Amino acid sequence: MKEDAITGRQLFVLIFMTQLGLEVMSLPHVEADIAGHDMWLSVFLSGLCAQAGIMLIWWLGSRYPSRNCFAYVPQIVGRPVGAFVNLMYGCYYAISGLMLILNYTDVLNRWLFVYTPGWIITLMIFIACGYAASLSLRRIAYIAQSYLILSVIAILLIAGCWLYGPDVKNLLPVLSGGWNPVVKGIYYAFSGYVGYDLLLYAFPYVKAKSKNRLLLIMTFANMTAILYYVLSCLICSTMFSLKQLKHIPEPIVFILKYYQLEVLQSLDVMFLIFYVFIVSDTAYIYFFLSAKAFVHLRSKGLGKHQIWVWAMVGLAFIGSLFFKKRSTIINFSDLQDIGSVFMIIAVPAVLLIISGLRGAGRNRA
């Protein structure tokens with residue numbers, strides 16, 4: 001399947017923006033009940049685990065440098081099994097995009113549009129994501145580059161509010177509950193780093209001088225995401241007590257709501273508006289990958305990419321109408337997190353092992 005090539009800089013932007021999902025707002029609340037004020041340590045260690053996952057995918061892609069993951073999976077495990085694996089990836093990415101949009105719609109309904117039906121907000125986001133996901137990888141990279149400044153503005157707004165009375169004592173003592181809560185928190189923080197798996201598809205389309213340079217770009221993008229998440233958790237940990245964090249679903253938005261600058265008002269509204277673009281960027285990349293997986297169900301291609309995009313977006317929107325309770329969204333999101341670990345760690349690891357065994361068998365022969 002032909003695809004426009006992208007530069008290393010564009011790959012960095014795509015990976016970084018895809019990793020910046022909704023967890024920037026919700027992760028401190030989730031981690032407060034697990035790792036306590038040591039949440040920043042869990043988030044940091046989870047980022048290192050994501051780095052191990054990046055090296056795994058990079059190693060797998062290096063064995064098939066001219067093909068994307070959906071094209072070489074049938075070569076590793078055979079066509080019937082390969083088609084099934086691609087089908088799983090297609091469904092996984094479509095569900096990931098659905099859950100991301102549903103969760104952000106829930107945030108908007110609770111903080112801004114209290115009286116607006118959720119399906120209207122969801123529909124508008126789905127339409128925007130469908131249009132973007134139907135473009136080529138290079139054009140998607142251009143859109144992500146234009147949104148990058150919004151992520152910088154968002155973190156500046158968060159950091160600016162940190163000047164209003166942080167209590168660094170909240171971070172002490174470190175590891176007051178031992179390592180068990182921190183290790184447990186690593187799993188829950190991992191969902192924030194999901195997105196680096198874009199490399200599964202993008203590997204052969206990146207203009208890099210060497211494979212090692214490609215790994216360096218991915219590492220830099222992941223480290224930037226780690227810094228973003230750790231800083232957000234440190235800010236929340238020093239601004240709130242654990243008891244408060246456990247009762248505030250989006251502590252970052254709460255901080256922005258009650259602190260104002262002289263030249264700006266309603267910082268929470270500005271932040272949520274900016275973050276629509278960041279969330280949409282992650283969502284349309286998910287739908288883009290979903291459509292690519294379905295197109296590769298046959299070696300010669302199965303339908304057009306644009307048709308699969310709008311089919312997945314349409315089905316996802318219909319599916320969103322059945323999620324009427326917030327508790328249902330949360331429970332399904334937990335299942336989706338389990339699916340993320342399986343699809344972007346377990347499956348690539350198994351593919352790499354099988355590929356290595358087959359390669360060793362050919363060499364002995």
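**Close-up views: cavity and cysteines**

The largest cavity has a volume of about 30 Å³. The model is predicted; local features need pLDDT of at least 70, side-chain atom pairs count only at pLDDT 80 or more, and totals for chains, interfaces and linings use all residues. Residues are numbered from 1 along each chain as its sequence is written, and side-chain values use heavy atoms, without hydrogens or water.

View 1. Searching the whole structure gives 1 cavity of 30 Å³ or more. A cavity is a set of points on a 1 Å grid over the protein atoms alone where a 1.4 Å probe fits but cannot get out; lining residues have an atom within 4 Å of a point. Points are joined across faces, edges and corners, and the volume is the space filled by probe spheres set on them. The lining consists of Tyr-187, Phe-190, Ser-191, Val-194, Asp-337, Ser-340 and Val-341.

**View 2. Helices at the cavity.** Helix 8 (179-190) and helix 15 (326-364) each give at least two lining residues. Helix 15 has the largest share, 3 residues. Helices are DSSP runs (H or I, at least four residues), numbered from the N terminus.

**View 3. Cys-69 and Cys-91.** A disulfide needs two cysteine sulfur atoms within 2.5 Å. The count is 0 disulfides. The sulfur of Cys-69 is too far for a bond because the closest cysteine sulfur, in Cys-91, is 15 Å away. Cys-69 is buried, at 0% relative accessible area. Cys-91 is partly exposed, at 35%. Buried means under 20%, exposed over 50%, partly exposed in between (1.4 Å probe, protein chains only).

Note on methods: 1 Å grid on protein atoms, 1.4 Å probe; cavity = no way out; pocket = protein on both sides within 12 Å on 5 of 7 lines; lining within 4 Å.
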